[in-house]
Amino acid sequence: MPDEELPLRERKKRETRQRISDIATDLIGKRGFDAVTVAEIARAAGVSPMTVFNYFPRKEDLFLDRIPEAAGLFASAVRDRAPGEPPLAALRRLALRLLEERHPLGGVGDTFADFWRTVADSSALRARAREGVEEVEAALAAAFGGAGVADPELSAALTMAAYRTVFVASVRRLLAGDPVAEVARDHRHRLETAFDALKRAGLDG
């Protein structure tokens with residue numbers, strides 16, 4: 001739901017969560033995950049450590065704060081798709097839109113290399129990122145089930161495997177210093193190829 005449609009209390013909670021995450025991302029990005037404590041983040045954000053944990057149950061979630069957003073986006077793309085639109089087509093449209101917007105969940109952006117370098121340097125963040133993919137997959141499986149997709153768990157696993165493969169390959173290229181525009185162009189092509197393959201496999205709902 002857009003911020004302007006939320007009650008004032010909910011807007012303030014969302015703003016507080018975002019402020020804490022932004023401060024955590026800045027501190028961790030500069031110094032590394034293990035070198036920054038939750039107490040430091042809380043101090044910089046002007047809140048108590050308890051407040052931080054009220055919004056983020058785990059320290060890793062302060063940096064990887066978009067996992068719930070990813071789960072919501074993938075599930076809602078299926079649930080809220082246009083009448084008659086296959087679930088896979090809705091997911092393709094979402095993936096291409098995220099890329100065009102240079103959304104952090106789209107995989108390619110001018111400032112993303114530093115973020116993913118921080119993740120790559122931390123075993124805790126790498127592990128949480130893998131768990132995050134599983135959480136998105138579970139949300140997608142539930143949405144597929146509601147949409148009547150046959151074998152929703154397998155369909156979600158295959159869809160996420162394809163998306164993750166394209167995403168990770170582009171991140172590795174960004175970390176290697178490849179030009180963002182070139183990576184974005186190839187990312188789009190590989191997304192289209194991946195969704196075409198999923199459709200041929202019968203995952204078009």
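Predicted model: local features only at pLDDT ≥ 70, side-chain atom pairs only at ≥ 80, totals over all residues.
A helix axis here is a line fitted to C-alpha atoms over the stretch in contact, and the angle between two axes runs from 0 to 180 degrees between N-to-C directions. Helix H8 covers residues 123-146 and helix H9 covers residues 152-175; their axes come within 8 Å and cross at roughly 135°. Angles over 145 degrees would count as roughly antiparallel and those from 65 to 115 as roughly perpendicular, so H8 and H9 end up oblique to each other. As for handedness, the crossing of H8 past H9 is right-handed.

What do the two helices bring to this contact? On the H8 side sit Val133, Val136, Glu137, Leu140, Ala141, Phe144 and Gly145, while H9 supplies Pro152, Glu153, Ser155, Ala156, Ala157, Thr159, Met160 and Arg164.

Another part of the chain carries a label from a record. An unreviewed UniProt entry lists residues 14-74 as "domain: HTH tetR-type".

Is Ala120 buried, exposed or partly exposed? Buried would mean under 20% relative accessible area and exposed over 50%; Ala120 has 37%, so it counts as partly exposed. Ala120 and Leu91 are 29 residues apart in sequence, and their C-alpha atoms are 27 Å apart in space.

How values were computed:
Residues numbered from 1 in each chain as written. Heavy atoms only, no water. Helix = DSSP H or I, 4+ residues; strand = E, 2+ residues; numbered from the N terminus. Parallel < 35°, antiparallel > 145°, perpendicular 65-115°, else oblique. Left-handed = near helix turned anticlockwise from the far one by under 90°. Contact = heavy atoms within 4.5 Å. UniProt positions renumbered as here; feature names shortened; annotations may be inferred. Buried < 20%, exposed > 50% of the residue type's maximum accessible area, 1.4 Å probe, protein only.
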